Amino acid sequence: MSHERLVVVGGVAAGMSAASSFKRLKPDAEAIVLQNDYFISYGACSLPYYISDDVKDIGRLISLSPEVATKERGITVLTRHEALSIDPSNKTVAAVNLDSSEEKAIPYDHLVIATGGLPVRPPFPGIDLSHIFTLRTLHDGVEIKRFIDQWTSFEPCIGPQCVYVNPFGTERRPMRACIVGGGSIGMEMCESLRKRGVEVTLFEKMDRVLGTMDTSITDIVEERITAEGVNLMKGVSVQSFEGDNGAVARVVTDKGTFDADMVLLVIGARPNTRIAVDAGIELGAGAAIKVDNHLRTNIPDIYAAGDCAEATQMVTGKKVYIPLGATANKQGRIAGENAAGMNNVFEGVVGTAVTKIFDLEVARTGLSPLEAQREGIDHFVSTIKGRSRSSAYPEGKPITVTYIVEKRSGRLLGAQMTGNEGVAHRIDTLATALYSRMTLDDVARLDLAYAPPFATVWDPILVAANVALKRLQKEM
């Protein structure tokens, strides 16, 4: 084995991608991954479906075990090992075994920091009461599901026919959950909890759910979740939590106090950068680790990737912090390849994301109208309503498409969609258009597939482009 060594701090998406790509290029070199958990390479995005009991086995969320990583990929995975500090001058990482408390210094030739993100937990009074959860790790999902399982005798239904058993008292009633944050995870958890028969109140500080998405999309989502029994409270600020016997019992807001048996905080993520900052590594956009397009930090032989690192927004060319699983895997792979001697470039992201909210598919890519406004880009918004399949085909569903367009050039800045089907793959077409810096005219000329079971002869993507072109002509 070569004496060359890569050390990776963090063993989930970016970390294991980095170690794996490094070993593919340098099979005789050594790759060591430090992971403070028992698990590596798991899909946290599937946790809402585990909590809802759609996914029965938590093991289905784990794509790679430490044993397989070692046996099949030649990666040394040290689980339950916390990286404490980095010494760039001596090229060592100080780590502690969380089970034995033994500390040691691990030398490296190349280092990838893939420490991920941390859930935002504002310092609200009462934040440390029990039964206040976040949803970021596998353990978070297990704890939430265990708590719900203890409370309810699960019946896969919603309504008075469900059987509820409250082990914490004699009262027989549904659990009351308060979700703080109306982003994609908050939306997905509305569905998960309602499937478990839980009464849900959602608090969102903004005037809409799903952050900066356009109201042409969010109005549809809000109508859907309220139809499913979610008590939606927009423009509401949480101020504190009150408890009984050490457990949360009430959420205090500027619009009143609400009873709660559990609280779920899903108000965003922040980059986990302490170890980097202590080592003198510079931070960039969103207080994430500053990297160039090779994923290099300001310190030689140290790279960063994933939810702890910034990326370039390809629409604006500016650095941003957009923590997404797909981005983490891609950045990790390139960081590992470059640590192995390659000179590969991570060009950036356009912020493509999709989520399922009850029976709605909701997706976005590029800039939202609010983001375009913040960038000072003169733009307009154009929305159309189409169908996912031909009107002659019996199972077609409505689909709403919104484009954000630069007035001066006609360049597509962003796109958003919602509908019961056909959204996820259509948004990928528009992400490709953004990647290629297409104008509306370019999009309108795309040669897209057509057959009645899959699309209309003029696909909603094309209809939206043509409608926006007419608007562009009026704006110019």
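How much of the accessible surface of the chain belongs to carbon and sulfur atoms? The share is 50% of about 20,900 Å², with areas from the Shrake-Rupley method and a 1.4 Å probe. Keep in mind that this is a predicted model, where local features need pLDDT of at least 70, side-chain atom pairs count only at pLDDT 80 or more, and totals for chains, interfaces and linings use all residues. Numbering runs from 1 along each chain as its sequence is written, and side-chain values use heavy atoms, leaving out hydrogens and water.

**Overall build**
- You'll find twelve helices and 25 strands here (DSSP runs, with H or I for at least four residues as helices and E for at least two as strands, numbered from the N terminus).
- The C-alpha trace spans about 65 × 65 × 40 Å along its principal axes.
- Buried residues, meaning those under 20% relative accessible area (1.4 Å probe, protein chains only), make up 52% of the 476 in the chain.
- Take contacts (heavy atoms within 4.5 Å) between residues at least 6 apart in sequence: 61% of them join residues at least 24 apart.

**Two loop residues with positive phi**
- His131 sits in the loop between strand 8 (117-119) and strand 9 (132-134), and its phi is near 70°, a positive value in a residue other than glycine.
- With a relative accessible area of 23%, His131 is partly exposed, which means between 20% and 50%.
- Asn245 is in the loop between strand 13 (238-244) and strand 14 (247-253), with phi near 55°, again positive in a non-glycine residue.
- Asn245 counts as exposed at 84% relative accessibility, the cut-off being over 50%.
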